[in-house]
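Have the sequence and the structure open as you read.

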Amino acid sequence: MKFFSYILVYRRFLLVVFTLLILLPLPLILRSKEAECAYILFVVAIFWLTEALPLSVTALLPGLMFPMFGIMPSKEVASAYFKDFHLLLIGVICLATSIEKWNLHKRIALRMVMMVGVNPAWLSLGFMSSTAFLSMWLSNTSTAAMVMPIVEAVAQQVISAEAEVEATQMSYFSGSTNQALEIDESINGQEANERKEKTKPVPGYSNDAGKISSKMELEKNSGTNSGSKYRTKKDHMMCKLMCLCIAYSSTIGGLTTITGTSTNLIFAEHFNTRYPDCDCINFGSWFVMSFPAAIIILLLSWIWLQWLFLGFNFKEMFQCGKPPTAKQKACAAFIKQEYKKLGPIRYQEIVTLVLFIVMALLWFSRDPGFVSGWSALFSEYPGFATDSTVALLIGLLFFLIPAKRLTKTTPTGETVAFDYSPLITWKEFQSFMPWDIAILVGGGFALADGCEESGLSKWIGNKLSPLGSLPVWLIILISSLLVTSLTEVASNPATITLLLPILSPLAEAIHVNPLYILLPSTLCTSFAFLLPVANPPNAIVFSYGHLKVMDMVKAGLGVNIVGVAVVMLGMFTWIVPMFDLYTYPSWAPPISNETTP
C-alpha cells in the first residue's frame, strides 16, 4: 500500500518521465523529420490533456525540442511565440481592466436585468442576456465571477421574501409578532458578508483551475449549510437554473466576437498565418457569422434549462395585467437597490464606455466586406492595419486619459494637485493580463510551424485524404463531435491549438474549403458544458453549492446537442454565401495528386 501511495503522490512526475521514454522509439526507429515532429506532438498533446505540467510550461516544449531534433532553428521557433494575436490580446485586456476597475460591468448587468422584469423565467433570460453581452468583450471567466455574486444575492432575496410573506400571513392569523423579519435581517447581514468574499473577479482568459480552487473552497465552506438555504424544492430548482444560466451564457456570449474567448483568437491567428492571402476573417465577418448562432443557442438553451428545472409555463410567463407577487416585488426592489448603490454614472465610466464603443465601431468598419472600410485610407499598405492595430490604439489611450487628479497637502495646509492618475495603471493591467494564455497560444503557433517545416502536416493530409469519399456534412459532424467531446476533458485553448494543425491539412487533402472544417470545429471547442472541471465558468458556479455533477451533466448534454445542431445549421445556410464555402478557394494551397510513401 505504501508503494501505491508513493505512485499516487508522484504520479505527475512519473507520467512525464514514462511518456518521454515510451514514445522515444518513434523517432529512434523511423529516423525521419516527420517522426521526430510526431514524437514532440504526441508528448505535448499528452501533457496538455493530462496537465502533468502546467499548460503554459508544456507550451514551451516546442521551443526546447524543435532545435534539439533539428526541425527548426531556435530563432525561428522563438519568433512564433509572439504574433499579431498577442497585440490584440493586450489591447482587449486594457479595455477589460478599465471596465472592471470602474464597475461599468456591474452597471450594465443590473440595468439589463431591470429591463426584463422579475418573473423567474424573464429574470433568468435577463441574466443570460447581460452575461452573454459582457462575455462578448470580457473573458468568460471574469464575466461569470462578476455576475454570480449578484445572481446569488437575488436568488437568496427571492427565497427570504417568500419566507417573510408566509411569516406575515401566519402572524396575522395567530396574532403574534413576526420575529421572522428580525431573523431574516440578521441572516441577510451574514449572507452579505459572505457574498463580499465571492465578488473577487477572476481576470484574464486563464483556464487554469488552480486559480479558482481557493475561491471554490472559500465558497463551499461559506455555504455548507445548504439544507437551510431552500424552503421548497422549487427554490432549489430556481437556484440551479440561475447558476447554469450564468455558466452557459458566459460561454455562449464568447462565441460572438473574435476577442470574446481565447479559442476564437487562436483560430484567427492560425488561419491568417496559414492562409495569408485570405482576408475574409476579421472582427466584422466573424460577428455577422457567429451572432445569429449565439442568439439561437442562447434562446434554445434558456428554453431547455427553464423546462428542465422549473417547467415551461406559458401562462405564468405571459401574465397580462396580473400584478407581480410579493416575491417578485422583493426581487425587483433588491436589483434596484443594488443599482442605486452604484450612484450616478461617473466620468471614468463614461470615458470607458465611449472608448469601448469606438473600439467596436473601428473593428466593424475596418473592412466590412460589403463597403470599403477605413483600411482603404491606407491603400499603399494593404493588410498592414489589422484588428490588433485598433486594439492597441484604444488600449494605449487608457494609459493616457486622466481619470482623477492626485493631490498633496503643502506645509501651509493648502491642497494642491501635482499629477493625475490615468484610467488604468501598468500594475493593474499586469494583474489582468493572462500571460499563461499568451505563452500557451505561442506554443501552439510554434507547434503548427514545426508540423509544416517537418512535413508532418502534409503527411497527415495525405493519410486523411480517403475521408474525401464521405459526405462533407458527415465530415463536419464527426469533427464537431470529436472536438466537443475532447474539450470536456481538456482545456479549450489546448484542444483548439492541438487540432487546428491537423484539421487544416485534412480540409486541403479532401479539397474542401478549409473554413468549412475549421469554423464549426472552432465554435464547438467552446461547448464544454457537461462537467464542473470542463471550463472555469462551470467551476465558479458549481462552487456556490447549489448544483450536483449530475445536474450539470443533464443540462449540459442538452445544451451541447443544441450547440452542435445550430452550428451545423449555420454551416449549411447563412454562413455558406458569406465565405463561398462550396468553392475551393484560390488562397488555399493547390492540391497535387501525389502521395508520399
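His-86 has its place in helix α8, residues 84-101 (helices, H or I of at least four residues, and strands, E of at least two, are DSSP runs numbered from the N terminus). This is a predicted model, where local features need pLDDT of at least 70 and side-chain atom pairs count only at pLDDT 80 or more, while totals for chains, interfaces and linings use all residues. Residues are numbered from 1 along each chain as its sequence is written, and side-chain values use heavy atoms, with hydrogens and water left out.

Is His-86 buried or exposed? With a relative accessible area of 3%, His-86 is buried (buried means under 20% relative accessible area, exposed over 50%, partly exposed in between, with a 1.4 Å probe and protein chains only). The His-86 side chain reaches the backbone nitrogen of Lys-83 at 2.9 Å. Leaving aside residues up to four places away in sequence, His-86 touches Tyr-81, Ala-438, Gly-442 and Phe-445 (contact means heavy atoms within 4.5 Å).

Now to the cysteines. The whole structure holds one disulfide (a pair of cysteine sulfur atoms within 2.5 Å). That disulfide joins Cys-278 to Cys-280, with an S to S distance of 2.4 Å. The link is right-handed, with 95 degrees about the S-S bond.

The sulfur of Cys-37 lies 4.0 Å from the closest cysteine sulfur, in Cys-451, and this is too far for a bond. Cys-245 is in no disulfide either, as the nearest cysteine sulfur, in Cys-243, is 9.3 Å away.

| Residue | Relative accessibility |
|---|---|
| Cys-278 | 6%, buried |
| Cys-37 | 0%, buried |
| Cys-245 | 0%, buried |

Definitions and conventions
Polar contact = N/O pair within 3.5 Å; in protein donor to acceptor, adjacent residues only side chain to side chain.
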